Amino acid sequence: MDKILKKQTNSKAVISNSLVVMLLLFTFYSNAQLKTEESEIGLGWSNNSVNTVIFRNSALTTFKNWQFTAYYNPDGKMVLAKRNLSSKKWQTVITPYGGNVKDAHNSISIAVDTDGFLHVSWDQHDTRLRYAKGKAPFSLELSEEQPMTGSDEAKVTYPEFHNLPNGKLLFFYRSGASGRGNLILKTYDVKTQKWSPLQNNFIDGENQRSAYWQMFVSKKGIYISWVWRESWDVSTNHDICYAFSADGGQTWEKSTGEKYSLPITKTSAEIAWKVPEKSSLINQTSMTVDMQGNPYIAGYWDDNGIPQYKVVYLDKGKWNKMDTDFHSKPFTLGGGGTKKIPISRPEILVSKSMLYLLFRDEERANKITLASANLEKKQWKLTDVINYSVGQWEPNFDKELWKEKSELHIFSQNVSQADGEGLADTEPQAVRVIELKKIPINK
């Protein structure tokens, strides 16, 4: 009997010691991997994901050490905020402008031009252009709403600004409806303070389909990729296509150097990776380029029973695909409206020899997760950025700050999203910026 008791005591000690070791390892993993700092801006609307949809581009931007952001507050009013990067304290202004926050498409996009003027576009889903500019450099006070050029501005969706290396601003949006829209480009000259058309019909859906795109601007040019959608139904997404412009969007070419005749259509588009319809292929994700100018396109789709994040990239003139196995449970994309999806769309970043994916997954308790991989070894390592849930959040980070200083600042809010433009009944949640003090490096 004594031998049995002694054996049980020893077993308990082993288990206890094992638990201690596991806890120590977990503490090291969760605390030692990433060091972050957070600054809270204010309470935001959180009954859907309108503040955190990935296609905002951008929710957060920096110019001359001043960081700007925008969001809808619990009353649906647009709030503008700024801070000096050396401070955690934000200055906020509740603008006189609001939006139909019940539709998660109606996001806010911001940019700051080289004279320091803030440009804002918001509240659009097949509706008229809504655009305003700051009254003075670095000011959060907006002018009255105004048109840009006055043409193709009646049915606007997915507005986004981009800063070009030549100092001009680029403005992209869809003109028309889901499944039958065209991609429009306009440009802003800081010297004349005027907008002008750049491409009145850059990618043409031919009244049969729409292009859902993602874009990246580098010193070498403008990179764009997109999927086609044949109808309002997300299950009709297919194929990842590609184009590049070295002259600010005037002319475009394929990865082979072959010039496009504009507008680009389904027949003429270069297919970087063939993906059939009904593959749960997500639209509007992200892309970046490495130091050699090779594009990397992040997305997810199902080619083996479970939708997984994938990276399509160009290397030595050939398109390749990098797979992941982060997610374990199957799901299917289908239908219209903003979807409630187990995983977020991913943001992609490159820094020297490292590739990063920023995302959220229900299987990881809806925390913000950063996946890192060495570009040569292509072996992924996952690290949670925070230890709490952000609900149906999708990633948005300060791309100008990342380009200039390789510092990763993430726009964050815990939001809900009912499927197909439904609304959740939740309390307003804080809007935050999360700063990563050290980015993981896989050797």
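**Figure 1. Lys 133 lies over the face of Phe 117 in this predicted model.** The distance from Lys 133 to the ring centre of Phe 117 is 4.5 Å.

**Figure 2. Tyr 131 and Trp 195 form an edge-to-face aromatic pair.** A search of the whole structure finds 25 aromatic pairs. In the one shown, Tyr 131 and Trp 195 are 5.8 Å apart, centre to centre. Their planes stand at 90 degrees. The pair counts as edge-to-face because the angle is over 60 degrees. Tyr 131 is buried, at 1% relative accessible area. Trp 195 is buried too, with a relative accessibility of 11%. Both count as buried because their values fall under 20%.

**Figure 3. Six aromatic residues form one cluster.** Its members are Tyr 131, Phe 161, Phe 171, Tyr 173, Tyr 188 and Trp 195. Tyr 131 and Trp 195, the edge-to-face pair, both belong to this cluster.

**Figure 4. Tyr 309 and Phe 359 form a tilted aromatic pair.** A pair of aromatic rings is described by the distance of the centres and the angle of the planes. For Tyr 309 and Phe 359, the centres lie 4.8 Å apart and the planes meet at 50 degrees, so the pair is tilted. Tyr 309 lies in strand E20 (residues 308-315). Phe 359 lies in strand E23 (residues 354-360). The pair therefore ties together parts that are 50 residues apart in sequence. Tyr 309 is buried, with a relative accessible area of 3%. Phe 359 is buried at 0%.

**Figure 5. The largest pocket has a volume of about 840 Å³.** The pocket is lined by 30 residues. Closest to its centre are Val 217, Ser 218, Lys 219, Lys 403 and Glu 404. Several elements each supply at least two lining residues: strands E2 (60-63), E14 (210-218), E18 (286-289) and E22 (347-351), and helix H2 (399-405). Helix H2 gives the most, with four residues. By residue class, the lining divides into ten nonpolar, eleven polar and nine charged.

**Figure 6. The second largest pocket holds about 400 Å³ of space.** Its lining has 29 residues. His 105, Gly 337, Thr 338, Lys 339 and Arg 345 are the closest to the centre of this pocket. The lining divides into ten nonpolar, twelve polar and seven charged residues.

**Figure 7. The whole protein, for orientation, has two helices and 27 strands.** The radius of gyration is 23 Å, close to the 22 Å that the globule rule gives for 443 residues, so the protein is as compact as a globular protein of that length. The C-alpha trace spans about 90 × 45 × 40 Å along its principal axes. Of the 443 residues, 59% are buried.

Terms used
Residues numbered from 1 in each chain as written. Predicted model: local features only at pLDDT ≥ 70, side-chain atom pairs only at ≥ 80, totals over all residues. Heavy atoms only, no water. Phe/Tyr/Trp six-rings, centres within 6.5 Å; stacked < 30°, edge-to-face > 60°. Buried < 20%, exposed > 50% of the residue type's maximum accessible area, 1.4 Å probe, protein only. Lys NZ or Arg CZ within 6 Å of the ring centre and 35° of its normal. 1 Å grid on protein atoms, 1.4 Å probe; cavity = no way out; pocket = protein on both sides within 12 Å on 5 of 7 lines; lining within 4 Å. Points joined across faces, edges and corners; volume = space filled by probe spheres on them. Nonpolar A, V, L, I, M, F, W, Y, C, P; charged D, E, K, R; others polar. Rg over C-alpha atoms; globule rule 2.2 N^0.38 Å.
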